[in-house]
Amino acid sequence: ETYGNSFGNLALISISQNSSFSNKGFIEKMGKFKEEKIPNLKMSLIYDNEIWGDTNCKEHLDNCLELVEKYYK
């Protein structure tokens, strides 16, 4: 994925949570996120989608940048 390591795809989680998510696929990570009820707004936005790929990442990145730009104007 082009946007795999961009802000549009990344979320801050603990080291132990990151290890438990490992290199699992989107659906498996979503199940773990919902099962463990991890309180993370960014991950909630991501896992509200049925799929997550470059298009979603780019759209989310653009939305975040727009909000930051509005805030600092």
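1. On the outward side of α2, Ile27 and Glu35 are exposed (exposed is over 50% relative accessible area, buried under 20%, partly exposed in between, with a 1.4 Å probe and protein chains only). The model is predicted: local features need pLDDT of at least 70, side-chain atom pairs count only at pLDDT 80 or more, and totals for chains, interfaces and linings use all residues. Residues are numbered from 1 along each chain as its sequence is written, and side-chain values use heavy atoms, with hydrogens and water left out.

2. Phe26, Met30 and Phe33 are the buried counterpart in α2, which spans residues 26-36. They lie on the same side of α2, because they cover an arc of only 65° around the axis (the arc is that of the directions from the helix axis to the C-beta atoms). The buried residues of α2 pack against α1 (15-21) and α3 (41-47); contact means heavy atoms within 4.5 Å. Lys37, which follows α2, has a positive phi near 50°.

3. The protein has four helices and zero strands (DSSP runs numbered from the N terminus: helices are H or I, at least four residues; strands are E, at least two). Of its 73 residues, 27% count as buried. Among contacts between residues at least 6 apart in sequence, 53% join residues at least 24 apart.

4. Tyr72 belongs to helix α4 (residues 54-72) and is exposed, with a relative accessible area of 67%.

5. The C-alpha atoms fill a box of roughly 40 × 25 × 20 Å, taken along the principal axes.
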